[in-house]
Amino acid sequence: MSSVLPGSPGATRDCPHCRETILDSAAVCPACGHYLRYGARVDVSQEPVVTPLRIEGRIRHPADGEPGEYTVVVSIWNDRGEEIARKLIGVGAMNPDEQRTFTLSVEAMTAKAKGPGKVGTRH
Ligand SMILES: [Zn+2]
């Protein structure tokens, strides 16, 4: 799925607990919250993680009517307008007058490759 070289910023691996694709530098799986035993190959700075984007919204299904269904899809686009990731997060149903809250957050940190290579380049 990822073409980033191991040890470079953006390198990924599979969480051994939940099998989600996560950053190689992650010390804690952002999906399942488990601590990851083996060491990262990317140095993440000691600066705190910042959240440059966080969106929260809620929808309430109309009280008068039939139950409804929803689908949550998140996609990531690059500078050139190309969709580089697309994921179905979840589906579900809501009864009349039920509410769901959805939160999207992007966490960012600086990362320095231990080996040669820069983000988005091959060598
Ligand atoms: Zn996990």
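Trainee: Is F102 buried or exposed, or in between?
Mentor: F102 counts as partly exposed, at 27% relative accessibility. Buried means under 20% relative accessible area, exposed means over 50%, and partly exposed is in between, with a 1.4 Å probe and protein chains only.

Trainee: What should I know about the model itself?
Mentor: It is a predicted model, so local features need pLDDT of at least 70 and side-chain atom pairs count only at pLDDT 80 or more, while totals for chains, interfaces and linings use all residues. Residues are numbered from 1 along each chain as its sequence is written, and side-chain values use heavy atoms, with hydrogens and water left out.

Trainee: How many aromatic pairs are there in the whole structure?
Mentor: The search finds 1 aromatic pair. Y70 and F102 form it, edge-to-face, at 5.5 Å centre to centre with 80 degrees between the planes. Rings of Phe, Tyr and Trp (its six-membered ring) pair if their centres lie within 6.5 Å; planes under 30 degrees apart are stacked, over 60 edge-to-face, and the rest tilted.

Trainee: Which parts does that pair tie together?
Mentor: Y70 is in strand β5 (residues 68–77) and F102 in strand β7, so the pair ties together parts 32 residues apart in sequence. Strands (E, at least two residues) and helices (H or I, at least four) are DSSP runs, numbered from the N terminus.

Trainee: And why is Y70 called buried?
Mentor: Because its relative accessible area is 18%.

Trainee: How many helices and strands does the chain have?
Mentor: The protein chain has 0 helices and 8 strands. Buried residues make up 15% of its 123 residues.

Trainee: New topic. What coordinates the zinc ion?
Mentor: The SG atoms of C15, C18, C29 and C32 do, at 2.3 Å. Donors are N, O and S atoms within 2.8 Å of the metal (3.2 Å for Na, K and Ca); water is not among the atoms, so sites may look incomplete.

Trainee: How are the donor residues spaced in sequence?
Mentor: The spacing is C-x2-C-x10-C-x2-C. C18, in the loop between β1 (12–14) and β2 (21–23), and C29, in the loop between β2 and β3 (42–44), are 11 residues apart and link distant parts of the chain.

Trainee: Last one, where is I55?
Mentor: I55 is found in strand β4. With a relative accessible area of 43%, I55 is partly exposed.
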